[in-house]
Amino acid sequence: IKSRGKGSDTLSAVKTLHCIGMLHEQDGEYEEAQKCYEKALDIRRVNLGNDHLEVAYSLHSLAKIFKRQNDLQEAKACLTESLEIKRAKLPANHVSVAESLHQMALIHNENGKKEEALHCLRTALSACESNLGDHPLTAEVLESFSDVYESRGDYNNSLDFLNKALEMKELMYGEESLSRSDTLYAIGKIQEKMGDLDETLLTFKEVMEIRKSISGINSL
């Protein structure tokens, strides 16, 4: 990879670095992915300045890698800087702002800061609904709401958000999709915690039927 001095040649290497980083990330090679994203970030800082949107995007990618490695402190620091740049350069309800808010909510939830997590999720959901409608990111945010409420023992709210995500996934992917079966499985786990065993069995049975029809494997 070429990265000599300032200029377009150096900046063009950033795309390659990000692609390589993504491949490492997909393979679970997080330290190697981190090296790629850090190098890309350094190049963008030198060539574009610390407050450029491309710097914010690199920070967001790096934050996700730190989170995967359970380094929540570094992940939060990267997201905080990324959000500061994005909020200065983009509309408040921009999808990219929502993406970073969603990641920040996940970190707050893991740190036990439930109200902060919900605040981030509310803002992210509003932006997603306004700009994206039925979309994978919107469904992810809904499921993150469910995770926060589940961690608080509020199973009714948790189930409500999962059902909203399920309905959205049915519209996007149809009734027989792995993504929908994942949400159904999460619903079954909540139903189990609520003591509704009959509904739990019906839900898990549907999950098994979907997965068997897709992969031929009869398992959870």
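Start by selecting Asn111: at 40% relative accessibility this residue counts as partly exposed, a class between buried (under 20% relative accessible area) and exposed (over 50%), with a 1.4 Å probe and protein chains only. You are looking at a predicted model, where local features need pLDDT of at least 70, side-chain atom pairs count only at pLDDT 80 or more, and totals for chains, interfaces and linings use all residues. Residues are numbered from 1 along each chain as its sequence is written, and side-chain values use heavy atoms, with hydrogens and water left out.

Asn111 sits in the loop between α5 (95–110) and α6 (114–131); helices are DSSP runs of H or I, at least four residues, numbered from the N terminus.

Next, select Phe145 and Phe161. Rings of Phe, Tyr and Trp (its six-membered ring) pair if their centres lie within 6.5 Å, and planes under 30 degrees apart count as stacked, over 60 as edge-to-face and the rest as tilted. The count by this rule is three aromatic pairs. With ring centres 4.5 Å apart and planes at 5°, Phe145 and Phe161 are stacked. Phe145 belongs to helix α7 (residues 136–151) and Phe161 to helix α8 (residues 155–173), so the pair ties together parts 16 residues apart in sequence.

Bring in Tyr149, which stacks with Phe161 at 5.8 Å centre to centre and 15° between the planes. Tyr149 is buried, with a relative accessible area of 12%. Together, Phe145, Tyr149 and Phe161 form one aromatic cluster.

Conventions:
Helices (H or I, at least four residues) and strands (E, at least two) are DSSP runs, numbered from the N terminus.
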